[in-house]
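Keep the 3D view open as you read.

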Amino acid sequence: MIPSTGAFLEKDFQIREQPGLTYKLQPDENCVRGYTDGLEAVKQAVYKILMTERYQYVMYSWNYGIELLDLFGEPLTYVCPELKRRITEALLMDDRIQEVDGFEFAFPGKGRVHVSFTVHTIFGEIQAEREVDF
């Protein structure tokens, strides 16, 4: 007999959200010191996601990180909308992030694009940026 869904499952299982407490990275000092939670933990997650090339590290799931390597040699008209899509896609994998918008692009040098944007989280807003060579 197939068990029913609905009330049966609601009685037997309780879904709880795990705390976001994590080690605090201090990239300026090249060290890890203490713990962080809430908005600071999400800021750190955004930084790590944007700095990790997807599919390049065995220790990370294939759902973690951002794909940037294949943008090398592509035209600017392709790179900007693709960056917007890839950044949004990568960050929305974190369930604490609700939306990514307000993209602004600057071009500091030939073959380089600087993108800044707003990340809306369950804890508040974060201003983030990333510079990419293409």
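**The sheet and what lies across it**

Start with the open sheet: three strands in the order β3-β4-β5, with antiparallel pairing. At its edges you'll find β3 (97-109) and β5 (125-133); each has a single partner strand, so one side of each is left without a neighbour in the sheet. Step from one strand to the next and the twist averages 20°. Keep in mind that this is a predicted model.

What holds strands side by side in general? Strands of a sheet pair through backbone hydrogen bonds, and the pairing can be parallel or antiparallel. Here, β3 and strand β4 (residues 112-121) run antiparallel and are joined by eight bridges.

Helix α2 (residues 39-51) lies across β3, β4 and β5, running at about 15° to β5. Helix α3 (residues 76-91) also lies across β3, β4 and β5, and its angle to β3 is about 150°.

Zoom out to the whole chain. How many helices and strands does the chain have?

What about burial and surface? Of the 134 residues in the chain, 31% are buried. The chain exposes about 9500 Å², with carbon and sulfur atoms supplying 53% of that area. As for contacts, take those between residues at least 6 apart in sequence: 30% of them join residues at least 24 apart.

Definitions and conventions
Residues numbered from 1 in each chain as written. Predicted model: local features only at pLDDT ≥ 70, side-chain atom pairs only at ≥ 80, totals over all residues. Heavy atoms only, no water. Pairing = 2+ DSSP bridges. Helix = DSSP H or I, 4+ residues; strand = E, 2+ residues; numbered from the N terminus. Axes fitted to C-alpha atoms, helices over the stretch in contact; angles between N-to-C directions. Contact = heavy atoms within 4.5 Å. Buried < 20%, exposed > 50% of the residue type's maximum accessible area, 1.4 Å probe, protein only. Areas by Shrake-Rupley, 256 points an atom, 1.4 Å probe, with all protein chains shown as cover.
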